[in-house]
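Subject: Structure handover

Dear colleague,

Here is the structure we discussed.

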Amino acid sequence: TTIKSVTDQSYKNIEYIVIDGDSNDGTLDKIKKYDEIINYWCSIKDEGIYDAMNYGLRLAKGEVIGIINSGDIFTKNSFEIIKNYFSKNENLSFLFGTVKRNYLGNNVIVKTGFNKKRIKYNFDSQTCHSSGFFIKSNIQKNIGLYNLNYKCSSDYDLFYKLFKNNSLEGASTTKDELIGIVESGGFSSKFGFWNRLNEEIQIRKDNNQNLFLIYAIYLNAIFKHYIKKLL
């Protein structure tokens with residue numbers, strides 16, 4: 001389970017915060033089972049996944065912040081690997097961990113590294129946000145909380161801001177340093193192609209990207225979408 005993948009880590013100097021969205025599917029029973037190990041938990045109605053993340057970010061007191069969604073897991077000793085990267089480089093602002101991502105249809109892809117330039121035309125320029133992304137808390141504070149205007153892709157807005165800031169140093173774990181496993185499905189897959197595309201285009205507009213390039217990205221995404229349907 002997600003919680004067990006956190007509590008079983010060999011690196012124990014962590015603050016574990018769990019935010020539940022007022023669920024009634026048995027999740028609370030699982031949380032209460034680990035009550036002595038979880039530093040703080042609550043079950044409240046929220047305005048979506050990013051509202052819950054923001055609530056946790058306001059509470060967090062640690063130096064480095066990582067977020068994991070329900071259903072995803074951290075691999076064994078992943079926190080040790082993350083700790084070593086930030087310990088060896090005090091200037092490191094953020095880190096992308098290699099993740100194994102499960103897609104619908106039993107497709108599995110190992111995602112590793114990130115490409116600052118690629119984000120200019122494709123948001124698939126880094127590994128996953130859940131279980132695969134870690135950021136210094138002071139950098140998160142300077143960048144700001146997740147924008148609740150973006151219901152599905154607010155993490156892309158954060159990545160865009162990080163990547164266009166040349167003063168921030170990022171890194172990634174090696175391909176064999178697997179940090180997390182992301183389950184298939186999830187909110188973004190249910191959001192729908194058009195809703196997701198329009199939101200991602202709005203993120204680019206709000207970050208003042210060149211409008212001609214945005215238009216080209218929009219047309220290219222539609223073209224690829226329909227080509228896939230034909231194949």
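Helices (H or I, at least four residues) and strands (E, at least two) are taken as DSSP runs and numbered from the N terminus. This is a predicted model, in which local features need pLDDT of at least 70 and side-chain atom pairs count only at pLDDT 80 or more, while totals for chains, interfaces and linings use all residues. Residues are numbered from 1 along each chain as its sequence is written, and side-chain values use heavy atoms, with hydrogens and water left out.

The loop between strand 7 and strand 8

Serine 130 sits in the loop that runs from strand 7 (107-111) to strand 8 (133-136). Its relative accessibility is 3%, so serine 130 counts as buried (buried is under 20% relative accessible area, exposed is over 50%, and partly exposed is in between, with a 1.4 Å probe and protein chains only). The side chain of serine 130 makes a polar contact of 2.7 Å with that of aspartate 72. A polar contact here is a pair of N or O atoms within 3.5 Å; within protein, one must be able to donate a hydrogen and the other to accept it, and residues adjacent in sequence count only if both atoms are side-chain atoms. Residues up to four places away in sequence aside, serine 130 touches Ile67, Ile68, Asn69, Asp72 and Val182, where contact means heavy atoms within 4.5 Å.

Serine 131 is in the loop between strand 7 and strand 8. Serine 131 is not a glycine, but its phi is positive, at about 75°. With 0% relative accessibility, serine 131 counts as buried.

Another positive phi in a residue other than glycine is that of aspartate 22, near 55°. Aspartate 22 belongs to the loop between strand 1 (17-20) and helix 2 (27-33), and is partly exposed at a relative accessible area of 38%.

Salt bridges

Side chains of opposite charge can pair when their charged atoms come close. There are four salt bridges in the structure, a salt bridge being a side-chain nitrogen of Lys or Arg within 4 Å of a carboxyl oxygen of Asp or Glu. One of them joins lysine 111 to aspartate 124, with the closest N and O atoms 2.5 Å apart. Lysine 111 lies in strand 7 and aspartate 124 in the loop between strand 7 and strand 8, so this pair ties together parts that are 13 residues apart in sequence. Lysine 111 is buried at 12% relative accessibility, whereas aspartate 124 is partly exposed at 39%.

Lysine 161 and aspartate 157 form another, their closest N and O atoms being 2.7 Å apart. These two are four residues apart in helix 6 (residues 154-164), and are therefore separated by about one helical turn. Lysine 161 is partly exposed, with 26% relative accessibility; aspartate 157 is buried, with 5%.

Nonpolar cores

A nonpolar core is a set of buried Ala, Val, Leu, Ile, Met, Phe, Trp, Tyr and Cys residues joined through side-chain atoms within 4.5 Å. The largest has 21 residues, among which Phe94, Phe133, Ile135, Tyr146 and Leu162 touch the most other members. At least two residues of this core come from each of helix 3 (49-59), strand 5 (92-96), strand 8 and helix 6. Helix 6 gives the largest share, five residues. Phenylalanine 133 has contacts that include Ile65, Phe94, Phe96, Cys128, Leu158 and Leu162, not counting residues up to four places away in sequence. A second, separate core has 18 residues, among them Tyr16, Tyr34, Leu92 and Leu95.

Tryptophan 194 is part of helix 8 (residues 193-206) and is partly exposed at 37% relative accessibility. From tryptophan 194 to isoleucine 222 the C-alpha to C-alpha distance is 9.0 Å, across 28 residues of sequence.

Leucine 230 is in helix 9 (residues 211-230) and counts as exposed, at 72% relative accessibility. Together with Phe223, Ile227 and Leu231, Leu230 forms a nonpolar surface patch of about 510 Å² accessible area. Patches are built from residues with over 30% relative accessible area and no salt bridge, joining like charges within 9 Å and nonpolar side chains (Val, Leu, Ile, Met, Phe, Trp, Tyr) within 5 Å; accessible areas come from the Shrake-Rupley method with a 1.4 Å probe, and for residues only the protein chains shown count as cover.

Regards
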